[in-house]
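Here are my notes on the model you asked me to look over.

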Amino acid sequence: MGVTFQAQDLPVNLEAGLELPRPSRPNFNKLHAQRLPIKAYPLPPLVPHNPLSLLHIAFTYLFQLVVPPQSHPETPLRGYFSAETRSVHVTDEAVARILWEQGFFGKGSLSRSEPAWLEREKIRQGLLVGNTSEELTRKRRQERKQFKKERAKKEREAIEEKLAEEARGDTLQPVDGNPKEVDGDLVSPPDDKLPPNANERHAPSPSNVTLHSLEKPENTFEPSSKVILNQEHLQLTLEEAFFLVYGLGALEIQDPSTSRCVNTSQLFSICRSYSYFPSRSSNDLAPDDPFLLSYVVYHHFRSLGWVVRPGIKFAVDYLLYNRGPVFSHAEYAVIILPSYNHAYWGSTQELRAAVKRKEKKSWWWLHCVNRVQAQVRKSLVVVYVEVAPPEDVERATMDKSREVVDVGQFLERYRVRDLILKRWTPNRSRS
């Protein structure tokens, strides 16, 4: 019984021939079906030409008023604030999986993104069979690198052969298509002078081609009862942690020194203080501190449905994914810039000098960042955050102890403006 092979299903290795097909990917649509770690219960859609849809909406609304559905998990999700790493640690494996699979929050402390250190360690010690996403990525990069080397080698050999043919000149071309003897050596004519079936003898016969079996290899190791402790935890940035606490109400953060939960106002002050290096006290916080600028932008895009991830790899502040990093690459790269348009920031000479220093960005810097995003096929989004004057913010939202009473009123003082930049290239943008 014959076996049919599809060329696109088998990764090609120029040295070893055909290899086993890559293992099937998990069902990410099912694994990441829930976009956030809370459940939403929207009302049924309104159908204009169907009056019964109004009854359906009214019944659903009244039923949810009488019996409110449970949107948050029964067991609260907990994390611990770490002053050393200026982040929030989630040590519970179940909670870490929930936060990653339902919104792509955080990263593994010993992994590139998804917390998969325990699985990689089990595979390394022979307790599991398979490959993690990081190992598959590494193998794909090695295959791509080897393929580029082999392709460059073939191109170099073809160029050298062509130069050698041109050096021999036209004196070696025969008239009748037979090999010609030059200095005692037989020289074959070019391919375009050979008969149509002259090259068929160089093709390998089917008996000389060896195809690897596509059957799954049997396990050669015996199951072990060795227990490996998971040394990895999920690490949340300050913006992610505060969004889960304030924006969704799905996370509780504890102070490791007192083992008590930190309320929203206290966490807001902690995040602002530790956004500086070294950290500052609550009396020295400015209305344009790094946490405020970054969180306003993070909350803005998360509220619009984007999956926001750190973008330090591409020299930007954030990356915006449509569904998540396991589905596709990021479409947009975000740069955050403060904007001081209020009249307060130009009231004195000292303030004008400080604002000019903070807003100063060179054209070369913007060109370099935009060039990087164009190379990785991302659109650069420049986000301007309107910074509110300190007197307005403090008078409206702070008490005598300088603790924020209402975080919502505090954040309402900030505005966001975004601008998409695309690199113009003459050879691609001609009309």
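Which residue in strand 8 does H89 stand opposite? H89 stands opposite Q235.

1. Basis of the note. The model is a predicted one, in which local features need pLDDT of at least 70 and side-chain atom pairs count only at pLDDT 80 or more, while totals for chains, interfaces and linings use all residues. Residues are numbered from 1 along each chain as its sequence is written, and side-chain values use heavy atoms, with hydrogens and water left out.

2. Helices (H or I, at least four residues) and strands (E, at least two) are DSSP runs numbered from the N terminus, and two strands pair if DSSP finds at least two bridges between them. Six strands make an open sheet in the order 5-8-4-3-9-10, with mixed pairing. Strand 5 (107-108) and strand 10 (260-261) stand at the edges with a single partner strand each, so one side of each has no neighbour in the sheet. Helix 3 packs on this sheet and touches strand 3 (77-82), strand 4 and strand 8, its direction making about 95° with that of strand 3; contact here means heavy atoms within 4.5 Å, and axes are lines fitted to C-alpha atoms, for helices over the stretch in contact, with angles running from 0 to 180 degrees between N-to-C directions. The pair that holds H89 and Q235 is antiparallel, with three bridges between strand 4 (residues 87-90) and strand 8 (residues 234-236).

3. Strand 12 (residues 318-321) pairs with strand 13 in the antiparallel sense over three bridges, whereas strand 13 and strand 14 are parallel over eight bridges, with V382 in strand 14 as the bridge partner of I335. Strand 14 is in turn joined to strand 15 by seven bridges, and these two run antiparallel. Seven of the eight residues of strand 13 are buried (under 20% relative accessible area, against over 50% for exposed and in between for partly exposed, with a 1.4 Å probe and protein chains only), so strand 13 is largely enclosed by the rest of the structure.

4. Helix 10. Helix 10 (residues 363-375) buries V369, N370 and Q373. These residues cover an arc of only 95° around the axis (taken from the directions from the helix axis to the C-beta atoms), which puts them on the same side of helix 10. The face turned away from that side carries the exposed residues W364 and Q375, while the cover over the buried residues includes strand 13 (332-339), strand 14 (379-386) and strand 15 (415-421). R377, which follows helix 10, has a positive phi near 60°.

5. Nonpolar cores. A nonpolar core is a set of buried Ala, Val, Leu, Ile, Met, Phe, Trp, Tyr and Cys residues joined through side-chain atoms within 4.5 Å. The largest has 51 residues, of which L99, L236 and V334 touch the most other members; its largest share, eight residues, comes from helix 8 (residues 290-303). Another core, of 16 residues, lies apart from it and includes F314, A330, L380 and V382.
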